[in-house]
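Please keep the sequence and the coordinates at hand while reading.

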Amino acid sequence: IERAYCEQFIHNHHFSKTQPFAMKLIHAALSPFARKCRIMALEAGLNVELIADIPQDPASIVNQHNPLGKVPALIMDDGSCVFDSSVIVEVFAANSATLIPSEFNARIATKRWEAVGDGICDAAVSARMEKIRKEQTAEGASFIARQLGKIDLALKFASNEKREKTYCVGSAFTLADAALI
């Protein structure tokens, strides 16, 4: 979904490949949180350099910039670092009047959708990490089942809330939509 979405976005928007990079996003290709950030950067029309990293690698560059050692991490043009996807998307949305609405109710609805999307991703990553552990236990199987239950409930919630609407909040693409891609 993400590749097709990004290709369509670049095709529909005359995305400048010559604009110099002002910010650098350290990401892992499979991170759903980094995916949300990449989508928001594209939607905001920002030319952000992507730096692929493997946080589990002892030589990971993210450890030099994020004290939590997690991706995504955004290196600003002044060299400072912003981390956690929920903070990074705020930086990207500052370039757009619509990605995170300013009107209170629409903003809260957007952030609520982000919480749902992030919760789904948290549960999926947790279940996957437990599944690849070398030692399989009954507690681990129970943990995985709880995570999958959270995902199921969140997807049912999203389906019931969104129904036939094109966008999660309002009449334009917002962070709410990016969080569910």
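Which residues does Met40 touch, not counting residues up to four places away in sequence? Met40 touches Val89, Phe92, Ala93, Leu99, Leu175 and Ala178, where contact means heavy atoms within 4.5 Å. The model is predicted, so that local features need pLDDT of at least 70 and side-chain atom pairs count only at pLDDT 80 or more, whereas totals for chains, interfaces and linings use all residues. Residues are numbered from 1 along each chain as its sequence is written, and side-chain values use heavy atoms, with hydrogens and water left out.

Met40 also belongs to the largest nonpolar core, which has 20 residues; Met40, Val48, Leu74, Ile88 and Phe92 are those with the most contacts inside it. A nonpolar core is here a set of buried Ala, Val, Leu, Ile, Met, Phe, Trp, Tyr and Cys residues joined through side-chain atoms within 4.5 Å; buried means under 20% relative accessible area, exposed over 50%, and partly exposed in between, with a 1.4 Å probe and protein chains only. At least two residues of this core come from each of strand E1 (23–27), helix H2 (32–44), helix H3 (85–93) and helix H6 (175–180). Helices (H or I, at least four residues) and strands (E, at least two) are DSSP runs numbered from the N terminus. H2 supplies the largest share, 5 residues. Another core, of 7 residues, lies apart from this one and includes Ala28, Ile51, Val71 and Ile75. In soluble globular proteins, nonpolar side chains tend to be buried together.

The helix packing comes next. Helix H4 (residues 104–131) and helix H5 (residues 138–162) have axes 9 Å apart and pack at an angle of about 155°. Axes are lines fitted to C-alpha atoms, for helices over the stretch in contact, and angles run from 0 to 180 degrees between N-to-C directions. H4 is therefore roughly antiparallel to H5, given that angles under 35 degrees count as roughly parallel, over 145 as roughly antiparallel, 65 to 115 as roughly perpendicular and the rest as oblique. The residues of this contact divide into 13 nonpolar, 3 polar and 6 charged; Ala, Val, Leu, Ile, Met, Phe, Trp, Tyr, Cys and Pro count as nonpolar, Asp, Glu, Lys and Arg as charged, and the others, Gly among them, as polar.

H4 also packs against H2, at an angle of about 145° with the axes 9 Å apart. Here Pro32, Phe33, Arg35 and Lys36 in H2 meet Glu114, Asp118, Cys121, Asp122 and Val125 in H4. That contact has 4 nonpolar, no polar and 5 charged residues. For H3 and H4, the axes come within 12 Å and cross at roughly 140°, which means that H3 is oblique to H4. Ser85, Ser86, Val89 and Glu90 in H3 meet Arg107, Lys111, Glu114 and Asp118 in H4, and by class this contact has 1 nonpolar, 2 polar and 5 charged residues.

The backbone remains to be considered. Most residues other than glycine have a negative phi, and most peptide bonds are trans. The bond from Val71 to Pro72, however, is cis, with omega near 5°, and Pro72 is in the loop between strand E2 (48–52) and strand E3 (73–75). Asp84, although not a glycine, has a positive phi of about 85°; Asp84 is in the loop between strand E4 (81–83) and H3 and is partly exposed, with a relative accessible area of 41%. Arg163, in the loop between H5 and H6, has a positive phi of about 45° and is exposed, with a relative accessible area of 66%.
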